[in-house]
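Below is a short note on the model, arranged as numbered points. Please read it with the coordinates open.

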Amino acid sequence: MKAITVEPHKPETTHLEDIPEPDPSGGSVLVEALAVGVCGTDVEIVKGKYGWAPRGRTRLVLGHESLGRVLDPGPSGVLEAGDLVVGIVRRPDPVPCPSCAVGEWDMCRNGRYTERGIKEIDGFMSERWRIEPEYAMKIDSSLGLLGVVLEPTTVVTKAWEQVVTVGQRAFWEPQTALVTGAGPIGLLAALVARQHGLDVHVLDRAQSGPKPALVRALGATYHTGIVADLGFQPDVIVECTGAGDVIADAIQAIAPGGVVCLTGVGSGGRAIGLRTADVASNVVLRNNVVVGSVNANKRHWYKAAQALARADRAWLACLVTRRVPPEDFLSALNRQPDDIKVVIEFAQL
Ligand SMILES: [Zn+2]
């Protein structure tokens, strides 16, 4: 079968090749790939900056934002042939650490977790893949191709849960949320914040393209420019850019008692002269919390599937801005200005 594979930590080693059918040791459920989303992590892996092949091998099947159709549900009894499923990405570490031991592998303490398509387990960019039934999330069949955005939705579902958990350490009635960055994660964060009834604002650099209208269609407000010019102090900021300047601005703009949740991973940023103790004073005097959030556990996958099932299909459909066949994977990995989510389509629904 065809698969898109890469030799991690070696740039320009990604190709479409023939590999053997998935080994039954990968799980009792056999799935036909429909689509796989591409994200920044895939680009990092392809550039040789991230990723690990399975033990004893040099190449990794890429892809962690999956959507597939069950071909053989195996003996578990929970799935049927034809069900649409998305594969959970992370697996607990083998020790396991206390977090993984209670199923919160997203909070793994020792870093020995594995991840499909990223860290030591083959991903989903192959014509067929296998999965353990407990890691196959069945989605609402009416979502169709849009199920491919479930994985990024789990990331924001967890982030939102973190925000709420932290906020509720005191009396807290958040009214306003700011999302910085209107990529797939930012737009899905705005969707989730709107579903929770907040007045949502989204800040992004883009002056044109599909982002402003997508934000407005949620009933949220679109801004360009800088956080300091917004003219209000958000109760919640979900930071999705990973850009140093934006992060610093967010920490300065948050309302008293507010929560800044960092979801973006970047590096650098200008030296803005914010001294550590000054930042700390701000945070202390206003009871702020800055919380980092990554990945998602099964509870978040369940909640994310519910959030997507409630979402407007036409709006979700606008997130998928390009579909390319596996042969054109290089074009999928090459970001275009108006891209939001690009998917590699392995089979028709
Ligand atoms: Zn762990």
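Predicted model: local features only at pLDDT ≥ 70, side-chain atom pairs only at ≥ 80, totals over all residues.

1. Zinc site. The zinc ion takes its protein donors from Asp93 (OD), Cys97 (SG), Cys100 (SG) and Cys108 (SG), at distances of 1.9 to 2.4 Å. The angles among the four donor atoms run from 98 to 121°, and the site is tetrahedral. For reference, the ideal angle for four tetrahedral donors is 109.5 degrees. Along the chain the donors of the zinc ion have the spacing D-x3-C-x2-C-x7-C.

2. Asp93 sits in the loop between strand 7 (90–91) and helix 2, while Cys108 sits in the loop between helix 2 and strand 8, so the pair ties together parts that are 15 residues apart in sequence. Asp93 and Cys108 are both buried.

3. Pro96. This residue is found in the loop between strand 7 and helix 2. Its relative accessibility is 38%, so Pro96 counts as partly exposed. From Pro96 to Cys108 the C-alpha to C-alpha distance is 8.7 Å, with a separation of 12 residues in sequence.

4. Aromatic pairs. How many aromatic pairs does a search of the whole structure find? There are three. One of them is formed by Trp105 and Tyr135, a tilted pair with 5.5 Å centre to centre and 50° between the planes. Trp105 belongs to the loop between helix 2 (98–101) and strand 8 (114–116), and Tyr135 to the loop between strand 10 (128–131) and strand 11 (136–138), so this pair ties together parts that are 30 residues apart in sequence. Trp105 is buried, with 6% relative accessibility, and Tyr135 is buried as well, with 11%.

5. Phe124 and Trp129. Here the ring centres are 4.6 Å apart and the planes stand at 70°, so the pair is edge-to-face. The assignment follows because planes over 60 degrees apart count as edge-to-face. Phe124 is buried at 0% relative accessibility, and Trp129 is buried at 1%.

6. Charges over rings. The charged end of Arg90 lies over the ring of Tyr113, at 3.5 Å from the ring centre. The charged end of Lys119 lies over the ring of Trp52, at 5.8 Å from the ring centre. On the second of these, note that the cut-off for the distance to the ring centre is 6 Å.

7. His223. This residue is part of strand 14 (residues 221–223). Is His223 buried or exposed? It counts as buried, at 16% relative accessibility; the cut-off for buried is under 20%. The side chains of His223 and His201 are joined by a polar contact of 2.8 Å. Apart from neighbours within four places in sequence, His223 is in contact with His201, Val202, Leu203, Asp204 and Leu230.

8. Helix 6. Of the 10 residues of helix 6 (residues 244–253), seven are buried, so the helix is largely enclosed by the rest of the structure. The buried residues are Val246, Ile247, Ala248, Asp249, Ala250, Ile251 and Ala253. The elements covering them include strand 12 (176–180), strand 15 (236–239), strand 16 (259–262), helix 7 (276–285) and strand 17 (289–292).

Key. Residues numbered from 1 in each chain as written. Heavy atoms only, no water. Phe/Tyr/Trp six-rings, centres within 6.5 Å; stacked < 30°, edge-to-face > 60°. Helix = DSSP H or I, 4+ residues; strand = E, 2+ residues; numbered from the N terminus. Buried < 20%, exposed > 50% of the residue type's maximum accessible area, 1.4 Å probe, protein only. Lys NZ or Arg CZ within 6 Å of the ring centre and 35° of its normal. Polar contact = N/O pair within 3.5 Å; in protein donor to acceptor, adjacent residues only side chain to side chain. Contact = heavy atoms within 4.5 Å. Donors = N, O, S within 2.8 Å, 3.2 Å for Na, K, Ca; no water. Tetrahedral: all angles 85-135°; square planar, octahedral: opposite > 155°, others 65-115°.
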